[in-house]
Amino acid sequence: MLWAGAILVAAALAAYHNSFTGPFIFDDRPSIVENPTIRHLWPVTDALSPPRGEGLTVSGRPLLNFSFAVNYALSGDAVWSYHALNLAIHLLAGLTLFGIVRRTLAGLGRVTAATVASDRRVKDNAPCLLALATATLWTVHPLQTESVTYVVQRAESLMGLFYLLTLYGFIRSADCHLLDDKLEGRRAVTWQVFSVVSCLLGMATKEVMVSAPLMVFLYDRTFVSGGFAEAWRRHRRLYLGLAATWLLLGYLVISTGGRGETAGFGTEVSWWAYALTQCRAVVHYLWLSVWPHPLILDYGTKVVRDAAIVAPQALLLALLAAATVIALWRRPVLGFLGTWFLAILAPSSSIVPVATQTMAEHRMYLPLAAVAVLATMGINRLAGSRGLLLLLGLAAGFGWLTERRNHAYRSEIAIWSEPAAQPGSSRACCSLGVALVNAGRLTEAAAQFAEALRLDPQNAEAHAGLGGVLAQNGNLAEAMAHDEAALRIDPGLAVAHNNLGNALLGMGRVEEAIAECTKAVQLNPREARAHYNLGYALLQSGRTEEAIAGFQEALRLQLDTADLHYNLGNALVQAGRITEAITQYEAAVQRAPDLASAHGNLANALSQAGRLPEAVARYEQALRLKPDEADVHFNLGMALRKLDRSSEARREFEAVLRLRPNDMEARRELARLPAAQ
């Protein structure tokens with residue numbers, strides 16, 4: 001079946017070829033960029049001990065965290081390896097789904113030659129062709145992009161892979177049991193162990209894995225043993241092993257304390273309101289399975305509190321659930337598919353609140369497989385020999401839509417513009433504002449933060465974001481008001497402490513600024529900008545060595561701006577570390593060639609190091625950028641005098657006097673020069 005696998009891989013690569021450069025966004029930052037536990041693969045216990053935090057995606061998911069540690073070992077914070085591994089996981093899941101469907105159809109023996117085509121070769125390959133169509137539709141469906149292209153949602157795809165492998169391992173073991181052979185018996189045991197290990201790994205990846213043992217049991221009853229009692233009699237040791245994996249899941253769930261009190265019945269969202277919201281969500285997911293537009297990264301945190309609003313969706317879901325229960329006895333195959341859809345969605349889309357994300361497209365990653373199977377079988381039954389052509393066209397269309405959807409992930413601005421355009425999404429507007437700030441588009445950012453606050457006046461991040469923009473525009477008093485409002489709402493918001501410190505520094509309140517920046521660093525040690533701001537405040541207070549440490553920590557955290565290199569250079573000069581200062585100034589002018597002050601300070605450092613010809617060249621470059629800098633003219637004059645270039649030195653001192661007629665030091669230096677010839 002290599003040809004089928006090759007087709008599936010080619011289809012996935014065509015759909016996702018443009019997904020490798022998308023930046024880290026939203027939850028990627030706390031779980032990857034700011035996650036200290038993924039910085040080393042050894043000792044392995046560190047990489048398998050994700051940090052705990054409110055709504056942190058990796059919390060309580062050690063295998064997910066370890067996978068990010070592998071990526072960090074390969075490429076650091078460069079995104080290519082993260083996207084490559086995400087796609088590899090998705091491809092393996094698609095291939096596993098192909099194997100499951102092919103073996104299931106072959107076992108059923110219900111795919112007849114007449115339902116596919118008249119060609120004998122096609123008849124023989126009917127299970128393979130239909131399985132390939134199913135797996136391809138599932139793999140290239142645009143609804144999967146959030147689980148593949150959004151890096152941190154590897155949680156869903158990696159769990160999905162292990163879920164499918166758990167079922168595939170059981171199917172292979174059951175196939176071995178069909179043959180009365182000792183070797184096949186040993187292979188059956190091997191595949192059962194494979195199934196249990198896969199289940200255990202899935203439990204260490206995401207909580208949605210909880211239903212996997214039950215779905216294997218239902219598959220056994222439906223497709224293999226013919227009844228629950230017979231399934232238990234034949235494979236009870238396997239089910240005991242699968243059930244034992246719940247112990248690990250239970251431990252991980254308890255250890256996270258309800259994912260930082262953002263999930264479970266202890267959140268601010270009631271189970272009833274969440275259940276009503278899920279009526280709308282699940283029906284919306286079904287619609288997106290058929291018509292995947294518009295796709296949105298973030299649906300916010302709103303919940304439905306009036307049952308009348310979602311009465312039609314609730315009725316539809318009730319009918320679906322009832323039909324599934326009836327089908328389990330009357331039409332077991334359809335019952336299995338309905339149960340697959342509902343059981344996998346149940347942990348996140350039923351009555352257990354997930355307060356930080358009431359709707360999310362990635363939750364359809366595995367449930368979509370049931371929809372794909374029904375679509376494939378339905379089209380094949382209705383269209384007969386033309387069904388494969390229709391499925392091919394549908395897969396091509398989905399693949400094209402997926403390729404287009406990946407364009408939205410090319411930048412934070414692009415991906416957040418979609419949910420921000422939806423009515424009522426304060427969080428999306430705030431996130432778009434942050435992306436616009438990072439792009440230097442401050443006016444647009446301020447408008448998004450203001451809209452976020454209009455929608456939700458208690459949005460602390462929006463207050464902090466608007467405060468940061470106002471500070472950059474020089475409105476320090478207004479900026480402080482927003483920063484303080486943010487801290488009243490959320491005293492532990494690091495970015496608000498950082499922005500407040502920045503505003504205080506702009507007002508000359510250096511010691512207060514140091515206190516706020518220190519709090520920001522303590523709350524979020526991975527935030528490079530906070531370390532930079534603390535370093536700058538310490539430099540202003542004369543605490544040079546501490547300032548250097550702050551700047552160097554910002555560099556270590558990969559903040560790489562001209563301002564950082566420039567101010568670190570200034571601190572190193574104050575500490576008498578001239579050679580190191582030269583390196584930093586050179587880095588600053590490489591990143592900002594038009595920064596005249598960096599050229600001037602680099603020239604000063606070169607002059608102190610005795611590298612006068614290089615210093616002269618830098619002074620001249622600084623003056624080309626900013627001709628009216630009297631200090632630079634003076635320092636250039638001094639360097640030229642030391643090089644015995646008296647006439648040129650005279651010209652520079654005279655330029656100083658034109659700019660500052662009362663500069664006595666320039667007059668003295670001019671008087672010391674030999675008389676002009």
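At what angle do helix H23 and helix H24 pack, and how far apart are their axes?

## Helices H23 and H24

H23 (residues 476–489) and H24 (residues 494–506) pack at about 155 degrees, with axes 9 Å apart. That makes H23 roughly antiparallel to H24 (over 145 degrees, on a scale from 0 to 180 between N-to-C directions). The crossing is left-handed, the near helix being turned anticlockwise from the far one by less than a right angle.

Contact, meaning heavy atoms within 4.5 Å, involves Leu-476, Met-480, Asp-483, Glu-484, Ala-486 and Leu-487 of H23, and residues of H24 including His-497, Asn-499 and Leu-500. By class, 8 residues of this contact are nonpolar, 3 polar and 2 charged, with Gly counted as polar.

## About the model

This model is predicted, with local features needing pLDDT of at least 70 and side-chain atom pairs pLDDT 80 or more, while totals for chains, interfaces and linings use all residues. Numbering starts from 1 along each chain, and side-chain values use heavy atoms, without hydrogens or water.

## Helices H1 and H5

Now to another pair: H1 (residues 2–16) and H5 (residues 80–108) cross at roughly 145 degrees, their axes coming within 10 Å. This crossing is right-handed. Among the residues in contact are Leu-8 and Tyr-16 of H1 and His-90 and Phe-98 of H5. The contact has 10 nonpolar, 3 polar and no charged residues.

## A cavity

There is 1 cavity of 30 Å³ or more (grid points, 1 Å spacing, where a 1.4 Å probe fits but cannot get out; lining residues have an atom within 4 Å of a point). The largest cavity has a volume of about 40 Å³. Its lining includes Asp-28, His-83 and Tyr-409, and divides into 5 nonpolar, 3 polar and 1 charged residues.

Methods. Helix = DSSP H or I, 4+ residues; strand = E, 2+ residues; numbered from the N terminus. Parallel < 35°, antiparallel > 145°, perpendicular 65-115°, else oblique. 1 Å grid on protein atoms, 1.4 Å probe; cavity = no way out; pocket = protein on both sides within 12 Å on 5 of 7 lines; lining within 4 Å. Points joined across faces, edges and corners; volume = space filled by probe spheres on them.
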